[in-house]
Amino acid sequence: MKTKIATSLIRLKECCDAALMMHMQKWHDHMVHEKHASLHTTYNYLLDLTSFFGFINSHMGQNVSLEILEQLTLSSFRSFLAHRIKDASSANSNKRALSAIKNLYAYLHKHAEIKNTHLDELTSPKSEKSLPRPMSYTNVTHLLDLSVLYRNQPKWVQARDEAVFMLLYGCGLRITEALNLNVRDIHTQTLRIKGKRNKERLVPMMFPVFGKLKAYLDSCPITAEPDSPLFLGIKGDRLSPRVVQKQMEKIRLLLNLPETATPHSLRHSFASHLLAGGADLRSIQELMGHESLSSTQVYTKLEDQALFETYLQAHPRAGKVG
């Protein structure tokens, strides 16, 4: 991800003059070191800003400068969003792009005395809300019993992937939260997780989860130091999310699962299965690290949907007229 960010900064340089590029470098450092934004968020914001600057560059016929950013009209911002819509960008993608632009302008207002009040007149696109797609308990169980995937790989790699998947499902972690863990973070009963915006939470760890982690650590050929990454790649560096995603893609093909079966769907499964088992929303909210209860309440809609589908299938008069 750091390489991708470096590449994005180089691309950004092609659209900016020297003075603005200096501020862009400082903005990047501000995002990473002061705002503690994730590398993923920083990279996506850079992509959006590169798209924005590229659009302004092509319309102005010159590199973007601080002066140009200050003088852009409401029509300029709307034209950029309309251009993205024409290119089939989703509402969520456009909402993030506008957030990136406003984030940059807020920084420039504070550090370069640049202000453009037209941004305040822009309405953020409405998010496209979709229900989470959890996996069934049966499919989650099968997911951990696919040794055929590892015939040509070391045993510890299989143990590692089983431990990762078990963490995502057994503790409801985001994939970045799981892969950012260090060896010292593992205890027999709890995990201290650093989530979005560096917000910490304690997550209880069931014995089967700890057992998978211990089996992985015992089989890993690389000596585990307290400050070492918990999950390692073949070369000994921190495991990449893409490796986990590729393994899930293989599993999807073997089990004939839909494309919605992703590492993140295991986190959804954690919440959905807890709710079905009688857990209350507040507890699930704390376990998942949701800032708002409304983020957790979406899983109740899954329960309502499942109940309605059961009714349609089971009731003798369901779907009949008269």
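Helices (H or I, at least four residues) and strands (E, at least two) are DSSP runs, numbered from the N terminus. Residues are numbered from 1 along each chain as its sequence is written. The model described here is predicted, so that local features need pLDDT of at least 70 and side-chain atom pairs count only at pLDDT 80 or more, whereas totals for chains, interfaces and linings use all residues; side-chain values use heavy atoms, with hydrogens and water left out.

**Confidence**

The predictor's confidence in each residue is given as pLDDT, from 0 to 100. The protein chain has an average pLDDT of 83, and 89% of the residues score at least 70. Confidence is highest in helix 4 (residues 66-71), at a mean of 93, and lowest in helix 14 (residues 293-314), at 57. Residues 306-312 have a pLDDT below 50, and this stretch has two contacts in the model beyond near neighbours in sequence; contact means heavy atoms within 4.5 Å. Over residues 314-318 the pLDDT also stays under 50, with three contacts beyond four places in sequence. Where pLDDT is low, the predicted coordinates should not be read in detail.

**Helix 3 and Phe-53**

Helix 3 covers residues 39-60, 22 residues in total, and its end C-alpha atoms are 31 Å apart; this agrees with the 32 Å that it should span at 1.5 Å a residue, the expected span being 1.5 Å times one less than the number of residues. Phe-53 lies in this helix. With a relative accessible area of 0%, Phe-53 is buried (buried means under 20% relative accessible area, exposed over 50%, and partly exposed in between, for a 1.4 Å probe and protein chains only). Leaving aside neighbours within four places in sequence, Phe-53 is in contact with Leu-12, Cys-15, Cys-16, Leu-20, Met-24, Val-64, Leu-69 and Leu-104. Phe-53 and Leu-69 are 16 residues apart along the chain, and their C-alpha atoms are separated by 9.4 Å.

**Positive phi angles**

Just after helix 3, Gly-61 takes a positive phi of about 75°. Most residues other than glycine have a negative phi.

| Residue | Phi | Place | Relative accessible area |

**Pocket and cavity**

Rolling a probe the size of a water molecule over the atoms shows where empty space is left. On a 1 Å grid over the protein atoms alone, a cavity is a set of points where a 1.4 Å probe fits but cannot get out, while a pocket is an open set with protein on both sides within 12 Å along at least five of seven lines; lining residues have an atom within 4 Å of a point. Grid points are joined across faces, edges and corners, and a volume is the space filled by probe spheres set on the points.

The second largest pocket has a volume of about 330 Å³. Its lining consists of 17 residues, of which Met-166, Tyr-169, Gly-170, Met-206 and Phe-270 lie nearest its centre. Helix 7 (137-143), helix 8 (155-171), strand 2 (200-204) and helix 12 (263-276) each give two or more residues to this lining.

There are two cavities of 30 Å³ or more. The second largest cavity has a volume of about 40 Å³, and the residues that line this cavity include Val-183, Tyr-216, Cys-220 and Pro-229.
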